[in-house]
Amino acid sequence: MSSLKEKDRPIVQLLLNTGTCPRCIFRFCCVGSQAPYKRPYKDLMKELKEFLKKYPEKDGIVCFEAPDPPCKRIRLENTEEGPDDLNQNGVLEQIPLVNEDNTALESSAVKVCSVCLGILQEFCEVDFVKKMCQKVKSADYQFTSFVFSVSLPPQLSVREVSVYKYQVKLGLSLAKDDIIQLKEAYKWIIHPQLSEELGVPADGKSLFEVSVVFAHPETDEECHFLARACPDCFKPAKNKQSVFTRMAVIKALEKIKEEDFCKHFSCPPSSPKNYCVALEIQCSNSAVFVAGKYNKYSRNLPQTPWIIDGERKLESSVEELISEHLMAEFKADSFNFSSSGREDVDVRTLGNGRPFAIELVNPHRIHFTTEEMKGLQQTINNSSDKIQVRDLQLVTRSAIGHMKEGEEEKTKTYSALVWIDKAIQKEDIAFLDDLKELKLDQKTPLRVLHRRPLAVRQRIIHTMESEYIDEHHFRLRLKTQAGTYIKEFVHGDFGRTKPNIGSLLNRTADILELDVESVDVDWPPALDN
């Protein structure tokens, strides 16, 4: 077996006799080549036997010296010898070689590996891989590659440390950092099988993930001693059924004293009673992002669902009218809606519309042509006369940042219908057209104080243009800094916005209608609609 060298013989013999599977033996022999791990389990057992025959020890005996005194009585899983094999000085005198009829090896093959708990045994077999692929195919996802992830029972780290400490105590030279990680070895075995079954390549950057979560019924029992020795490493966490998470266990293993470890955990690890179980086989696509611009033509439609104290106030929203069609076409689990600012329920958004983006979480369909996106846009527009969307397109997560960049520095254009209590003439409002870069101090409006912190914000009205209608009404077009509260600028909000239209005209003013005429954010890119 070219992957193993003569120097590995003591480790191979030792691990075989402590109930370790062939693939874990390769790991502890620091075999970095993927090929041996992919071979059938029975072939590996046969090759290990041939390897031991190729490099026999004198008189068929391997001798090791154990520490004096030993911290634990050494247990041999696959031999008939018992504690009497240790002499008075704590020296393990004999570890018999495997029998000619392969009895010891066959016995090892049917037992659960004392290190990987069966992960590198039955869960590498074709039947389990087919089971995973059936799960993936039945979920009906679109994907052109996959990335594979695996979650392992936390006590595997404990068992690996136990094996390492046992080898060191017996005088075997072993570089801990060179041991092949179980996850890495498992992926070496699984990747080509999954790729063949699914018909697509494995790719670490793929947006489609296939994952398997392994669990073991003895996890809490085997890790409990760590909680007693290092209680500060184990804190209850949200959405975690057990405090014995992988990271918590690793942290405790780094902190626990060696004598405490050896006192409470068998070195080498004892044979487990059960195999691991595949608790979950899951697959998911990374989020897809769709952006566009929307116009809102209704004065009775909120941007997002309007719910107060659990009670829905209006039947729909801009967010829902757009997202329900995207959710259906992309077959997503959920969505997150964001936009460049927002308008009140009674405010229309006209002109080229307001930029928005929707994150579609775990979509089953991800590939859409330009024509299909145009068709989806048309479906949304045909579904309601309250909104229209344009420039609907797929974008990247990073591109959404353009929508939020410099949001406070952007300008917005509004049209307000203003009512005045005392009669006015056209010349009474003409001076408003001459006011440029008017600075406002706006205290958080009373109407939003329940959801916004109390503060005084400085905002700028860049330009104004008035249009006289009659003695009590005029239309006011404003270009303002983003974030300006237009309604409060008109009526003053009981003096909380200074100056305001009422104070400038020395009259009582109120706003009857408000429209957003443009949001000056040049994103997403305009399309030929």
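**Close-up views of a predicted model**

View 1. Domain 2 (287–408) and domain 3 (412–519) each give at least three residues to the lining of the largest pocket; the domain bounds come from an automatic or database domain assignment. This is a predicted model, where local features need pLDDT of at least 70, side-chain atom pairs count only at pLDDT 80 or more, and totals for chains, interfaces and linings use all residues. Residues are numbered from 1 along each chain as its sequence is written, and side-chain values use heavy atoms, leaving out hydrogens and water. A pocket here is an open set of points on a 1 Å grid over the protein atoms alone, where a 1.4 Å probe fits, with protein on both sides within 12 Å along at least five of seven lines; lining residues have an atom within 4 Å of a point.

**View 2. The lining of the largest pocket.** Look for Arg342, Asp344, Arg447, Arg451 and Arg452, which lie nearest the centre among the 34 lining residues.

**View 3. An open sheet of three strands.** The strand order is S3-S4-S5, with mixed pairing. Strand S3 (147–151) and strand S5 (277–285) are at the edges with a single partner strand each, so one side of each has no neighbour in the sheet. Strands are DSSP runs (E, at least two residues), and helices are runs of H or I of at least four; strands pair if DSSP finds at least two bridges between them. S3 and strand S4 (residues 208–215) are parallel, with five bridges, and Ser149 sits opposite Ser211 in S4.
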